[in-house]
Amino acid sequence: MTATKASATTVKAPRGSRPGAPDHSGAPAAPRRGRRMGMQNLAGWLFSTPFLVIFGLFMLFPIVATLLMSFTDFGARNVTRPLEAEWVGLENYTKLFEDDKFLTALFNTGYFVVVGVPLTIGLGLLVAILLNNGIDRARTFFRVGFYAPVVTTIVAVAIVWRFVLDPSDGMIAGIGAELGFTTPDFLGSETWAMPSLIAMAVWRNMGTVMVLFIAGLQAIPTEVREAARLDGAGAWQELRRITVPLLRPTMLYATVITTIGYLNVFEEPFVMTQGGPSDSTLTVSLDMYREGFNFFHMGYASAMAYVLFVVIMGITVLQLRLMKDNTK
């Protein structure tokens with residue numbers, strides 16, 4: 001009788017439990033969970049260490065070093081003795097805005113951005129719409145063809161464009177001769193040199209914008225387009241009222257990255273014109289390169305770099321604020 005009562009009052013252990021295991025209150029298990037989280041955090045830091053070391057050595061340290069360098073007269077003599085550079089404070093920054101060459105480079109860079117960005121965005125959108133809606137056959141072939149300049153080296157691009165723009169034997173000069181008019185020296189003229197570089201940059205970078213817009217177009221629901229057509233919307237109304245508003249987030253991203261790239265423009269003038277003629281294609285990045293690596297005015301070039309950084313940051317923030325409300 002006693003054994004029966006004892007067996008009746010025995011609490012059955014949960015399935016899978018072990019003798020001596022902690023109860024479900026969680027108190028004994030908390031230290032183990034803490035140790036497990038600690039091991040996971042340690043493993044995460046160990047896996048991140050190679051990146052952190054490389055980032056610190058090749059990114060963070062140069063950024064901090066150039067910032068400090070911009071307040072000194074660091075030059076070629078200080079390459080082996082960097083601590084002997086003289087601290088000049090804001091002198092490099094004040095000299096920049098008294099330097100006619102830098103102001104010319106700043107103006108040329110602004111000209112490149114103001115003209116080049118709208119052309120790149122507009123043509124990229126036009127090509128994306130045509131490839132997404134207007135071409136049914138060989139669509140992949142055309143997409144690859146328009147994107148090919150993006151992955152082509154600047155040397156190959158320069159060779160092609162020098163042939164196209166050559167005033168005596170170039171393709172445009174040949175077409176002009178057949179039509180009976182003389183073409184200008186595009187790369188040797190102060191009037192035509194910068195527009196020629198802008199044309200080359202637009203041709204080269206349009207493929208990136210095109211790919212972004214094609215992805216955005218394919219994300220637009222077909223039901224929206226069909227409903228607009230049923231309501232009698234034409235092609236222009238569909239573009240204006242549906243396509244462009246729904247592409248505003250993509251347009252914002254494309255505009256920001258294109259603007260940042262064009263503010264840093266270096267390869268086109270460096271390869272094609274070396275900043276000439278008469279500094280008409282000199283940009284901030286090219287002027288910075290000359291001051292730093294041709295004349296070894298490292299401190300002065302570092303100040304240029306940070307002025308350009310502030311300009312890029314300011315324009316990017318302005319673009320985000322102006323276009324952010326339209327993307328909601």
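Modeller: A helix, in this predicted model, is a DSSP run of H or I that covers at least four residues, and helices are numbered from the N terminus. Read that way, Ser-302 is found in helix α14, which spans residues 298-324.

Colleague: Does Ser-302 count as buried or exposed, and how should I read its relative accessibility?

Modeller: Buried means under 20% relative accessible area. Ser-302 has a relative accessibility of 7%, and therefore counts as buried. Leaving aside residues up to four places away in sequence, Ser-302 touches Thr-66, Met-69 and Ser-70.

Colleague: How many helices and strands are there in the chain, taken as a whole?

Modeller: The chain has 14 helices and 0 strands. Of its 328 residues, 34% count as buried, and among contacts with a separation of 6 or more, 66% are accounted for by residues 24 or more positions apart. The chain exposes about 20,600 Å², of which carbon and sulfur atoms supply 67%.

Colleague: At what angle do the axes of α10 and α11 cross?

Modeller: The axes of α10 (residues 235-246) and α11 (residues 248-263) cross at roughly 55° and come within 5 Å; the two helices are therefore oblique to each other. In their contact, Val-244, Pro-245 and Leu-246 of α10 meet Arg-248, Pro-249 and Met-251 of α11, and by class this contact has 5 nonpolar, no polar and 1 charged residues.

Colleague: Which residues in helix α13 are buried, and what follows α13?

Modeller: In α13 (residues 284-294), the buried residues are Val-284, Ser-285, Leu-286, Asp-287, Arg-290, Glu-291 and Gly-292. Phe-296, whose phi is positive and near 60°, follows α13.

Colleague: How is a pair of aromatic rings described, and to how many aromatic pairs does the count come?

Modeller: A pair of aromatic rings is described by the distance of the centres and the angle of the planes. The count comes to 13 aromatic pairs. For Phe-71 and Tyr-93, the ring centres are 5.6 Å apart and the planes lie at 45°, so the pair is tilted. This pair links distant parts of the chain, 22 residues apart, with Phe-71 in the loop between α2 and α3 and Tyr-93 in helix α3; both Phe-71 and Tyr-93 are buried.

Colleague: What kind of aromatic pair do Phe-186 and Trp-192 form?

Modeller: Phe-186 and Trp-192 form an edge-to-face pair, 5.7 Å centre to centre with 80° between the planes. Phe-186, at 12% relative accessibility, counts as buried, whereas Trp-192, at 40% relative accessibility, counts as partly exposed. Elsewhere, ring pairs link Phe-266, Phe-270, Tyr-289 and Phe-293 into a cluster.

Definitions and conventions: Residues are numbered from 1 along each chain as its sequence is written. This is a predicted model: local features need pLDDT of at least 70, side-chain atom pairs count only at pLDDT 80 or more; totals for chains, interfaces and linings use all residues. Side-chain values use heavy atoms; hydrogens and water are left out. Axes are lines fitted to C-alpha atoms, for helices over the stretch in contact, and angles run from 0 to 180 degrees between N-to-C directions. Angles under 35 degrees count as roughly parallel, over 145 as roughly antiparallel, 65 to 115 as roughly perpendicular and the rest as oblique. Contact means heavy atoms within 4.5 Å. Ala, Val, Leu, Ile, Met, Phe, Trp, Tyr, Cys and Pro count as nonpolar, Asp, Glu, Lys and Arg as charged, and the others, Gly among them, as polar. Buried means under 20% relative accessible area, exposed over 50%, partly exposed in between (1.4 Å probe, protein chains only). Accessible areas come from the Shrake-Rupley method with a 1.4 Å probe; for residues, only the protein chains shown count as cover. Rings of Phe, Tyr and Trp (its six-membered ring) pair if their centres lie within 6.5 Å; planes under 30 degrees apart count as stacked, over 60 as edge-to-face and the rest as tilted.
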